[in-house]
Amino acid sequence: MVGYPELVQTRVATGRPFRSPSAVWFRLRHPLVAGEAPQPLERVAVGADSGNGISAVLDFRKYVFVNSDLTINLLRVPMGEWVCIDAQTLLGDTGGGIAESRIFDEQG
């Protein structure tokens, strides 16, 4: 069985992942479906689903959270194997929060 750390290769562009707003490049090491090449939108979805983790500002030992709702809007189909997620977590004063991400490919 392949887990998430084995699924993706990452490169930190800015920030301190899991501690502050961060930008991280993601590349799939393996296809999501055996024998099928990953499609551009699949590569984006894997990276975009990581925005709340890489930009987390709360201590993982004390707080847990999930991506209960993920919306992805793109201006064009992404190109290349690498996808960059530039994410920040915003916390409200009543216990809620949101992670927002800007998504880039190798072309910008």
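Biologist: How many salt bridges does a search of the whole structure find?

Modeller: Side chains of opposite charge can pair when their charged atoms come close. In this predicted model, a search of the whole structure finds three salt bridges.

Biologist: Which residue forms a salt bridge with R27, and how far apart are the closest N and O atoms?

Modeller: The partner of R27 is E81, and the closest N and O atoms of the two are 3.2 Å apart. R27 is partly exposed, with a relative accessible area of 21%. E81 is likewise partly exposed, at 45%.

Biologist: Where does D105 lie, and where does R76 lie?

Modeller: D105 forms a salt bridge with R76, with 2.6 Å between the closest N and O atoms. This pair links distant parts of the chain, for D105 is in strand β4 and R76 is in the loop between α3 and β3, 29 residues apart.

Biologist: Is D105 buried or exposed?

Modeller: Buried means under 20% relative accessible area. D105 has a relative accessible area of 4% and is therefore buried. R76, at 38%, counts as partly exposed.

Biologist: What is the N to O distance in the salt bridge of R61 and D59?

Modeller: The side chains of R61 and D59 meet at 3.0 Å, N to O. R61 is exposed, with a relative accessible area of 76%. D59 is partly exposed, with a relative accessible area of 26%.

Biologist: Let us turn to the sheet. What is the order of the strands in the open sheet?

Modeller: Strands of a sheet pair through backbone hydrogen bonds, either parallel or antiparallel. Here the open sheet has four strands in the order β1-β2-β3-β4, and the pairing is antiparallel. β1 (8-15) and β4 (97-105) stand at the edges, and each has a single partner strand, so one side of each is left without a neighbour in the sheet. From one strand to the next, the twist averages 25 degrees.

Biologist: How many bridges join β1 to strand β2?

Modeller: Seven bridges join β1 to β2 (residues 22-28), and the two strands run antiparallel. Within this pairing, Q9 stands opposite R27 of β2, and V12 has V24 as its bridge partner in β2. On the β3 side, five bridges join β2 to β3, again in an antiparallel arrangement. There V24 stands opposite I85 of β3.

Biologist: How many of the residues of β2 are buried?

Modeller: Five of the seven residues of β2 are buried, and the strand is mostly covered.

Biologist: Which helix packs on the sheet, and which strands does the helix touch?

Modeller: Helix α2 (residues 40-48) packs on the sheet and touches β1, β2, β3 and β4. The direction of α2 makes about 35 degrees with that of β3. Buried residues in α2 include R43, V44, V46, G47 and A48. The cover of the buried residues of α2 includes α1 (4-7), β1, β2, α3, β3 and β4.

Biologist: What is the phi of F18 in the turn of the hairpin?

Modeller: Most residues other than glycine have a negative phi, and most peptide bonds are trans. The hairpin formed by β1 and β2 has six residues between the strands, and F18 in the turn has a positive phi of about 70 degrees. This is a positive value in a residue other than glycine. F18 lies in the loop between β1 and β2. With a relative accessible area of 47%, F18 is partly exposed.

Biologist: Which residues form a nonpolar patch on the surface?

Modeller: For such a patch, residues need over 30% relative accessible area and no salt bridge, and nonpolar side chains are joined within 5 Å. In this model, L41, L70, I72 and L74 form the patch, with about 310 Å² of accessible area together. One of these residues, L70, lies in the loop between α3 (51-54) and β3 (83-91). At 39% relative accessibility, L70 counts as partly exposed.

Notes: Residues are numbered from 1 along each chain as its sequence is written. This is a predicted model: local features need pLDDT of at least 70, side-chain atom pairs count only at pLDDT 80 or more; totals for chains, interfaces and linings use all residues. Side-chain values use heavy atoms; hydrogens and water are left out. Patches are made of residues with over 30% relative accessible area and no salt bridge: like charges are joined within 9 Å, nonpolar side chains (Val, Leu, Ile, Met, Phe, Trp, Tyr) within 5 Å. Accessible areas come from the Shrake-Rupley method with a 1.4 Å probe; for residues, only the protein chains shown count as cover. A salt bridge is a side-chain nitrogen of Lys or Arg within 4 Å of a carboxyl oxygen of Asp or Glu. Buried means under 20% relative accessible area, exposed over 50%, partly exposed in between (1.4 Å probe, protein chains only). Two strands pair if DSSP finds at least two bridges between them. Axes are lines fitted to C-alpha atoms, for helices over the stretch in contact, and angles run from 0 to 180 degrees between N-to-C directions. Contact means heavy atoms within 4.5 Å.
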